Amino acid sequence: MPNATASLARRSVLALVLLGWALPFSSGAAGHTPGARGDRIIISGAAGHLGELTVQALLARGIPASRLILVTRTPDRLARYAKLGASVRYGDFTKPESLRKAFAGGTRMLLISIGFSAVPRPVAHQNAIEAAVADGVKHIAYTSYIGLSRGARTGLASDHYRTEQILRESGVAWTMLRNSIYMEEVIPQAAKMVATGSAVVPARESGIGYVAREDCAAAAAAVLVTPGHDDKVYDITGPALIGTRELASAVSAVTGKSIELKPAGSGTPGPRRGLGGPTLSVTSDAVAKLTGRPPMSLREFLARHRAELLGSAK
Ligand SMILES: NC(=O)c1ccc[n+]([C@@H]2O[C@H](COP(=O)([O-])OP(=O)(O)OC[C@H]3O[C@@H](n4cnc5c(N)ncnc54)[C@H](OP(=O)(O)O)[C@@H]3O)[C@@H](O)[C@H]2O)c1
């Protein structure tokens, strides 16, 4: 029952974090050995979904809050981590003058890609990378995009591709965390299946290796505090490729509702082509290797959201 064990482990860790406890941690050697007591870890976008989950994953690993530098545009939202001893600082990638002060004293950094903004994302990311390097940060892990591993360079991929180039050329040690599409993104589609009792199966579909944000955070935390990740690229994915059929089957298993599969076309409204696309059809064992536990399965994920799915069926 590896899934049940993993689920129990996740719940236990979350409980410890919520209680403000930290597991005993072993410090590495002095200097820039990841996880060493001298390291101070910057998390950008710390008040965002992935940022806060990464903070929780670091605390659950036993990293003291006092070693965390949480950079955000909304420091008030992170007051509870400031109370635990974290340094919570204002920083905005579109305001380069805010960044040197924000990153001061940090040695390792998780650069969380920002959403679309008035300033082109690669420029905003470059502002952050340059300020971090000027402040003496030795290693930057960047949350990139899975499509790059299958050669995507346009659309969503283009900003990430450019940012990866900037980071590689910055002179600092780097790690690319090429995150797949978040599993959270399937919830509306799953809820619709429950509500309608049916799913339209596109004529052409490539499965996606959806990954739970929590697993992205756990992988990022591992890269920040363990050695061996300099200048490496990791595909951060869930355990399996998921298309409409797999989603319908999991929704049915978790909710007990039967979902009728209807082929697209022949009078059935719905997409002829699924989301996905070949550049998203990637799975890897990176999450398991980095974190020591398998990534969350779709069924486990949907089971956590069961009430939400059933609520939408009323
Ligand atoms: N893999 C996927 O399926 C997927 C889907 C959507 C997005 N993404 C990418 O993954 C990133 C993280 O995901 P998420 O779920 O954590 O998104 P999120 O909750 O929207 O968090 C993104 C965070 O980026 C920070 N940010 C935005 N503009 C900024 C700026 N100008 N300067 C500094 N920080 C800025 C903000 O942090 P503060 O609020 O702390 O300032 C924001 O909360 C997203 O930003 C996006 O690039 C991936």
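1. The axes of helix H7 (residues 187-196) and helix H9 (residues 244-255) come within 10 Å and cross at roughly 65 degrees. Axes are lines fitted to C-alpha atoms, for helices over the stretch in contact, and angles run from 0 to 180 degrees between N-to-C directions. Helices (H or I, at least four residues) and strands (E, at least two) are DSSP runs, numbered from the N terminus.

2. This is a predicted model, in which local features need pLDDT of at least 70 and side-chain atom pairs count only at pLDDT 80 or more, while totals for chains, interfaces and linings use all residues. Residues are numbered from 1 along each chain as its sequence is written.

3. Between H7 and H9, the contact is made by Gln-189, Ala-190, Met-193 and Val-194 of H7 together with Leu-247, Ala-248, Val-251 and Thr-255 of H9; two residues are in contact if their C-beta atoms, placed from the backbone, lie within 7 Å.

4. Seven strands form an open sheet in the order S3-S2-S1-S4-S5-S6-S8, with parallel pairing; two strands pair if DSSP finds at least two bridges between them. Strand S3 (87-90) and strand S8 (232-236) stand at the edges with a single partner strand each, so one side of each has no neighbour in the sheet. From one strand to the next, the twist averages 20 degrees.

5. Within this sheet, strand S4 (residues 108-111) and strand S5 (residues 139-145) run parallel and are joined by four bridges. Met-109 stands opposite Ile-140 in S5.

6. Helix H6 (residues 156-169) lies across S5 and strand S6 (173-179), running at about 165 degrees to S5.
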